[in-house]
Amino acid sequence: MKYLFGPVPSRRLGYSLGVDILPAKTCNMNCIYCELGPSKVTYYKAPFCPPSGEILSEIEEFCFLHRRHFDCLTFTASGEPTLHEELGVLLAESKKITGRPVTVLTNSSTVTSKQTRNILSMADIVLPSLDAVTPMTFRKINRPHPGLDIYAIIDGLSRLRREMAGKMWLEILLVRGINDGADELLALRDAVNRINPHKIQLNTVARPPAEDYAKPVGSKKMREILSFFGEKAEIVIDFEAQMGSGSGLILESEIMDTLRRRPLSFRDMEGLFGRYEKTQKILSHLIDKGMIEEKKLKGRTFYAALNNK
Ligand code: SF4
């Protein structure tokens, strides 16, 4: 499959069929924690958008030929999905095809535009992120395209929340020593109160980041921050703990399709693709062929596709 991956056991959405609608790292930010690695360039507009017809045909094929269970369809990108010029068509048509809730992950950068807010309002759940509220921290953690203004983004998020009928689950990704200080957290909480999302999801670095200095916030501090944000907040639980033992045929190509989008630990893959021995055998084979590599984070091993494989 060219555009679909999973269904992936998402930390937030159950079994989510991912739709990756843009070529690798088409993004207007270059976050230090990005699991896709650092960006060579940040885009204000996507230089190329795959045709919506091609993407929709693949969704149709998955639903009517493969018939595997999924809880929702999640529009994401190896970058920022709202940069796709036909996102509105994709959301409207895929809802008709699947009959499942449609969610969109966004870095919030384009909610400054009324047109983007109208498109996002078509989704059942929008998961925008907000990691900083001051220009200095915004530059440090998200390293945005120079055309992006954090104050306008916060204003756009407040407007989107008022305009949309679906749910907004706002994610804050905390990086040790970057946006977990008392002043930044106070300012973040003020901004979040203004935006008024349905949920506040606190996350930290859980997969190998673009920059080695992007370190996770410890669990004790995460719990303190959780109570600081109040009752709407939750810590996003690592999905390994939520998974059962998956089933289904293991195909090398399925594993590669998924690893090209995000690094996964062994347990992630076991849950996704099946039993221990089989998954391990395929991983060893892919490592031997030089198609994937092992990376360590906090003593855990993750597997990631090597570039261009
Ligand atoms: S984490 Fe998301 S928003 Fe940040 S650089 Fe990576 S793809 Fe872009």
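This note goes through the structure point by point, from the whole chain to single residues.

1. The model is a predicted one, in which local features need pLDDT of at least 70 and side-chain atom pairs count only at pLDDT 80 or more, while totals for chains, interfaces and linings use all residues. Residues are numbered from 1 along each chain as its sequence is written.

2. The chain has ten helices and eleven strands, where helices (H or I, at least four residues) and strands (E, at least two) are DSSP runs numbered from the N terminus. Of its 309 residues, 43% count as buried; a residue is buried if 20 or more other C-beta atoms lie within 10 Å of its own, exposed if 12 or fewer, and partly exposed in between, with C-beta atoms placed from the backbone. Among the contacts with a separation of 6 or more, 75% are made by residues 24 or more positions apart, a contact being two residues whose C-beta atoms, placed from the backbone, lie within 7 Å.

3. The largest nonpolar core has 64 residues, a nonpolar core being a set of buried Ala, Val, Leu, Ile, Met, Phe, Trp, Tyr and Cys residues joined through C-beta atoms within 7 Å. Strand 6 (residues 167–174) gives this core its largest share, six residues, and those with the most contacts inside the core are Ile 21, Tyr 33, Leu 170, Ile 172 and Val 175. If neighbours within four places in sequence are left aside, Ile 172 is in contact with Leu 130, Asp 131, Leu 188, Ile 200, Leu 202 and Asn 203. Apart from this core lies another, of ten residues, among them Ile 255, Leu 259, Met 269 and Phe 302. As a general point, nonpolar side chains tend to be buried together in soluble globular proteins.

4. Strand 3 (residues 72–76) is largely enclosed by the rest of the structure, because four of its five residues are buried. Five bridges join strand 3 to strand 2 (residues 14–20), and the two run parallel; strand 3 also pairs in the parallel sense with strand 4 (residues 102–106), over three bridges. Two strands are said to pair if DSSP finds at least two bridges between them. Phe 75 is the bridge partner of Val 19, and Phe 75 also has Val 104 in strand 4 as a bridge partner.

5. An open sheet of three strands has the order 9-11-10, with antiparallel pairing. Its edge strands, each of which pairs on one side only, are strand 9 (264–265) and strand 10 (292–297). Strand 10 and strand 11 (residues 300–305) are joined in the antiparallel sense over six bridges, and Glu 293 has Ala 304 in strand 11 as its bridge partner. In the loop between strand 10 and strand 11 lies Lys 298, which counts as exposed because it has 9 C-beta neighbours inside 10 Å. Lys 298 and Pro 208 are 90 residues apart in sequence, and their C-alpha atoms are 9.3 Å apart in space.

6. Which residues of helix 4 (residues 135–142) are buried? They are Thr 137, Phe 138, Ile 141 and Asn 142. Seen down the axis of helix 4, these buried residues fall within an arc of 105°, so they line one face of the helix; the arc is that of the directions from the helix axis to the C-beta atoms. The buried residues of helix 4 pack against helix 5 (150–163) and helix 6 (182–195).

7. Some backbone details deserve a careful look. Arg 143, which follows helix 4, has a positive phi near 40°, and Arg 143 counts as partly exposed because it has 17 C-beta neighbours inside 10 Å. Asn 196, in the loop between helix 6 and strand 7 (199–204), has a positive phi of about 60° although it is not a glycine. A cis peptide bond, with omega about 10°, joins Gly 6 and Pro 7, and Pro 7 is found in strand 1 (residues 4–10).

8. The ligand is surrounded by Cys 27, Met 29, Asn 30, Cys 31, Cys 34, Leu 36, Gly 79, Glu 80 and Asn 107, where a residue is near a molecule if its C-beta atom, placed from the backbone, lies within 6 Å of it. By class, this shell has five nonpolar, three polar and one charged residues; Ala, Val, Leu, Ile, Met, Phe, Trp, Tyr, Cys and Pro count as nonpolar, Asp, Glu, Lys and Arg as charged, and the others, Gly among them, as polar.
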